[in-house]
Amino acid sequence: MTASTASAGPRPKVFAIAIETTAHCQQKCSYCYNAWREDNGAGFDAGAQKKLLARVDKLLTTLDVDHVTVTGGEPFARRDIFELFDLIQARGVKIQIISNGGLVDDALARRLAPYRPSYVQVTLDGPTAELHDEHVGGEGHFEKTIHGIRALVAAKIPVVGCIVVTRKNASRVAETLSLFRALGVSSIALSRFSPAGYAARHVSDLLPSRDDLLVAFRQAIPFARGEGGEGKPAAMRITCTMPVPPCAVEVEELAPLRFGTCAIGTSMQELALGPDGRLRNCTLHATGLAGGKDVLDDDVDPAAIVTGAEIAAYKKTLPDFCVGCIHASTCGGGCGAAAEWVLGSRKLPDPLVWQHVDDDFAARLERERAASEPGRQARRRLEVLG
């Protein structure tokens, strides 16, 4: 099936597609969702990655897409990234970008500005080079990221700051938000660590507890209210982008922080297009839809995928632990991708929850932490909220 034949008739509406433009990244973040981060995508067929424009063209021809999230790897590592922007812009589709900022300089920011991206999201994992670089895999990245943010702000490109909340940096969220505010960034994605892809191997090192999250969220509240700092700072828009199961944290008590839920199977779903051409439920999931075929294959109809039963039935798989919960239809047990990556099945709930429920999993985390952190004392066990 070609793009021209697949486009006959009304196109199904799709809220968003995350386009993983490349497997390559100059960082090696321990919280990265990319399954291929260990070898930086060396296992991908180089020819397959060159088909990006054709794949995106087919998707935008067959689907009525509200916006795309251009991500990676690191999207600005692709020399032809502006050809992709040209294609997307020609289709009238909005663009937002996720970048580590390290390859952004003044010239690139000025070239990007006319495309009017909705925003570029850039992550800082701490207020210092030591803490940030520990999370992203090496020295020297912190200053490059700061320079990239400054270049984007100077070019009047909206920047969304991101903090991936881990057990290592949860207590320093306020300092990191202060740094973002000093850089002129007022919109924040406060994303709790979810161990999917490459990040799954770092679950014991980074998985925050309920206590850790509460520390991070409570530090963020004054910034969301416009409190603290010199003078009367503007309130920051802070959204907790990775859903937090309500049995672990009562998010209603954390206003004005904003919290979302897993969007798979809803009108707000963001699909993921991988460097190998497979369409997936989201960037955290490993399994490709429609048998994991390349969307360019003649027998792959993107419209049939997005309207088919495979996506619609996703949340019908509910962890036994969650049966009967009033939040089951929206929460679905938390991040199903993380459950698959770490626990082996979506019949078990999000590892964030499971660490406080299952003695065996809690003991596994403690053993791994004790091995890597000599002299460490075990954390107090917590009961999940009733």
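Where is the place of Lys156? I located Lys156 in the loop between α7 and β5. Helices here are DSSP runs of H or I with at least four residues, strands are runs of E with at least two, and both are numbered from the N terminus.

**Basis of the entries**

I note that this is a predicted model, in which local features need pLDDT of at least 70, side-chain atom pairs count only at pLDDT 80 or more, and totals for chains, interfaces and linings use all residues. Residues are numbered from 1 along each chain as its sequence is written, and side-chain values use heavy atoms, with hydrogens and water left out.

I looked up the confidence, given as pLDDT (the predictor's confidence in each residue, from 0 to 100). The protein chain averages 92, and 92% of the residues score at least 70. Over residues 1–7 the pLDDT is below 50, and this stretch has 14 contacts in the model beyond near neighbours in sequence. Contact means heavy atoms within 4.5 Å.

**Backbone entries**

I returned to Lys156 and read a positive phi near 60 degrees, in a residue other than glycine. Lys156 is exposed, with a relative accessible area of 76%. The classes are buried under 20% relative accessible area, exposed over 50%, and partly exposed in between, with a 1.4 Å probe and protein chains only.

Arg116 is not a glycine and has a positive phi of about 50 degrees. I found Arg116 in the loop between α5 (106–112) and β4, and Arg116 is exposed at a relative accessible area of 71%.

I then looked up cis peptide bonds. One joins Gly72 and Gly73, with omega about 10 degrees; Gly73 lies in the loop between β2 (64–71) and α4 (81–90). A cis peptide bond also joins Ala255 and Pro256, with omega about 10 degrees, and Pro256 is placed in the loop between β7 (237–240) and β8 (258–259).

I placed Asn169 in the loop between β5 (159–165) and α8 (173–182). Asn169 counts as buried because its relative accessibility is 2%. A polar atom of the Asn169 side chain lies 3.0 Å from the backbone oxygen of Asp125. Neighbours within four places in sequence aside, I listed Asp125, Leu131, His135, Ile163 and Val164 as contacts of Asn169.

Leu131 and His135 are among the buried residues of helix α6 (residues 129–136), together with His132, Asp133 and Val136. I recorded that the buried residues of α6 pack against β4 (120–123), α7 (141–154) and α9 (203–206). Just after α6, Gly137 takes a positive phi of about 95 degrees.

**Helices α8 and α10**

I examined α8 against helix α10 (residues 210–225): their axes come within 8 Å and cross at roughly 35 degrees. The contact involves Val173, Ala174, Leu177, Ser178 and Arg181 of α8, and Ala216, Gln219, Ala220 and Phe223 of α10. Axes are lines fitted to C-alpha atoms, for helices over the stretch in contact, and angles run from 0 to 180 degrees between N-to-C directions.

**Arg364**

I found Arg364 in helix α16 (residues 359–372). At 25% relative accessibility, Arg364 counts as partly exposed. Arg364 and Ser204 are 160 residues apart in sequence, yet 8.2 Å apart in space, C-alpha to C-alpha. Leaving aside neighbours within four places in sequence, I noted Val203 and Val342 in contact with Arg364.

Methods
Polar contact = N/O pair within 3.5 Å; in protein donor to acceptor, adjacent residues only side chain to side chain.
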